[in-house]
Amino acid sequence: MRFRIRFSNQIVGLFVVTALILVVAFIVALGINQRWFEQKHEYYTEFATARGLTPGLAVSFRGFQIGQVRSVALTEDDTVRVTLTVSDRHIDRITEHSVLQLQTNPLGIGGGLVLHRGRADADPLPPESLIPAWGSARGLALRQEGLVEVVAEGDIINELLDELPVILANVNRAAASGTDLLEQLRQMAAADAAGPVPDFIRNADQMTVELRSLLELASSLAENLRPLTEELRQPEGAVVRLVGPELDEALEKINRTLEHIEALSGFAAGSTPQIRALLYESRDALETGHEVLHGIRNNPLIRGGIQPREAPAPGFEGYRPEEF
Amino acid sequence: MTVLLERLGARTRRVAGSFVYAAGFAIEVARQLVLFFFGKRPALRVLTLQILFTGVEALAVIAVLSLSLGAVVIIQGLSLLPQFGQAALTYTVLVVVITRELGPILTGFIVAARSGTAIATELGTMVVNREIEAYIATGVNPIAYLVVPRLIGVTVSVMLLNVYFNVFGLAGAFFVSRPTAGVALWEYVTQLGAVLQVRDLLGSALKSAVFGVIIALVSCHHGLLVEQSSTEIPQQAIRAVSRCFVLLIVVNAGLTLVYYL
């Protein structure tokens, strides 16, 4: 007989017992981990809505779970009563002036109730007591009085959303104060009121009227200045635009004269050899005439003959060599 | 048209008849099951062997499968979920996949594929060999002696294999998360214990028990449906397995729906 068949009872027994031991170990580990046998204390809180609140939701303090939500119920006065349990180990962290903040995740997962306990000198809060919600009137008052140790644990959006009621309350209070102030000013500015402040307000009214007329005058001046400014913004100035045509005409005439001069200069430059040759020839003719006259004067027949002539030094060197 | 109606009527009668037969079979099995617990247990040896064949011999396959599956789930979770800032959900996913869903259904599939065919084939062979008639002739109730021990054995085996599947699956996840993510054993157990609830274990046990009952009943039913020929045996075995798979999937969906209601 095969070993497995022969000892089937033992093998099956071991198989079953091992599985049962594993199951028991699982359950014991769960019990220890989840503290099934630990004494729990019950508290409750009230919210305006049950959105994000579910039984089993974790109650945490500085990131550690200290309890969980046991039930969520709608009361007859339309508030949401949330019953929660806190383990015995953390009961001393529930003090007077503690508040509970609901933190939700934008993805709809995670989140939970976060405990912000009262200041260190606050007394422990007995079980079955109310822990005010973060956004409730009581919770708001406790926070504004500085009785709560607020520890930021959520993301920035949640923190802003949580602070929104406080901000709105402050804005509301400021608006109410402004309304009261305006009402008091209105009463003081009434026609039958007397005193320095009403006089000042009435004078201020007269000053306002005068200031308005001054502003209208300044406005008309500004209207006049606008086109002038536009003119000044043009790239060519007013002087240029006033004398522009005459100046152009004069410049045109000067240009034409210069062209004539240039043409004349060119002509003169082109005729220089001829003029020079003519001058040479004229000078030679004059010297010849002078020699003739000198010869005539010194004619031996007449007087003593003709004197030898000295070659004159050239006063101007031509463009071409003399041999050419 | 008349022929069509005749065929439709005959088909309906066959289905209704088989359904009635199956219901009667289940009722008789339930009756004999009660008698098994409160009377003498001549079939205790059969029960032991059934647990041996169905449970112990399938343990190796279950261990390998669950170890691999746990490793894959934890790798996917550790690589994907931290990108959304939800690394803590890794353990929730692990519990949902291993304990609630895949543990019972995969165990059921493996047992149906291994033991379902074996049971159907064995009983079919006994029918063909006239062994059933011999039991009846000698005054032994074949339901009490053959079906009830198999029903209990398969159900217990599936439940125990489901426990092993959970243990090996969660261990496989730890074996992978330890070197890859540096998760310490105590941290792993603490995180897992924070998300694992008793109702998860109870739901998983309930599923596996129901699956075991389905596998045993369907396999025994189809095994005993064999009438004369040995060629019917593989046909009924195949039908038994395919019907087991369909029923397991449908019942799993129904039980999951009930769990979340």
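Trainee: What makes strand β2 (residues 58–61) of chain A and β6(A) count as a pair?

Mentor: Keep in mind this is a predicted model. Two strands pair if there are at least two bridges between them, and β2(A) and β6(A) share two bridges, so they qualify, in the parallel sense. On that side, A:Ser60 stands opposite A:Val114 in β6(A).

Trainee: And how do you know that strand β5 (residues 99–103) of chain A pairs with β6(A)?

Mentor: Same test: at least two bridges are needed, and these strands have five, running antiparallel. Here A:Leu102 sits opposite A:Leu113.

Trainee: Why is β6(A) called largely enclosed by the rest of the structure?

Mentor: Buried means under 20% relative accessible area. Five of the five residues of β6 (residues 112–116) of chain A are buried, so the strand is largely enclosed.

Trainee: Over to chain B. What makes B:Leu94 stand out in the largest nonpolar core?

Mentor: That core has 69 residues, and B:Leu94 is among the four that touch the most other members, with B:Tyr188, B:Ile215 and B:Leu224. Helix α6 (residues 142–181) of chain B gives the most to this core, 17 residues. Beyond four places in sequence, B:Leu94 has contacts including B:Val73, B:Ile74, B:Leu170 and B:Tyr188.

Trainee: How many residues lining the second largest pocket are nonpolar, polar or charged?

Mentor: Twelve are nonpolar, five polar and four charged. Eleven of the lining residues come from α1(B), which gives the most. The pocket holds about 700 Å³ of space, and among the lining residues closest to its centre are B:Ser18, B:His221 and B:Arg243.

Conventions: Residues are numbered from 1 along each chain as its sequence is written. Chains are lettered from A and ligands numbered from 1 in the order in which they are written. This is a predicted model: local features need pLDDT of at least 70, side-chain atom pairs count only at pLDDT 80 or more; totals for chains, interfaces and linings use all residues. Side-chain values use heavy atoms; hydrogens and water are left out. On a 1 Å grid over the protein atoms alone, a cavity is a set of points where a 1.4 Å probe fits but cannot get out, and a pocket is an open set with protein on both sides within 12 Å along at least five of seven lines; lining residues have an atom within 4 Å of a point. Grid points are joined across faces, edges and corners, and a volume is the space filled by probe spheres set on the points. Helices (H or I, at least four residues) and strands (E, at least two) are DSSP runs, numbered from the N terminus. Ala, Val, Leu, Ile, Met, Phe, Trp, Tyr, Cys and Pro count as nonpolar, Asp, Glu, Lys and Arg as charged, and the others, Gly among them, as polar. A nonpolar core is a set of buried Ala, Val, Leu, Ile, Met, Phe, Trp, Tyr and Cys residues joined through side-chain atoms within 4.5 Å. Buried means under 20% relative accessible area, exposed over 50%, partly exposed in between (1.4 Å probe, protein chains only). Contact means heavy atoms within 4.5 Å.
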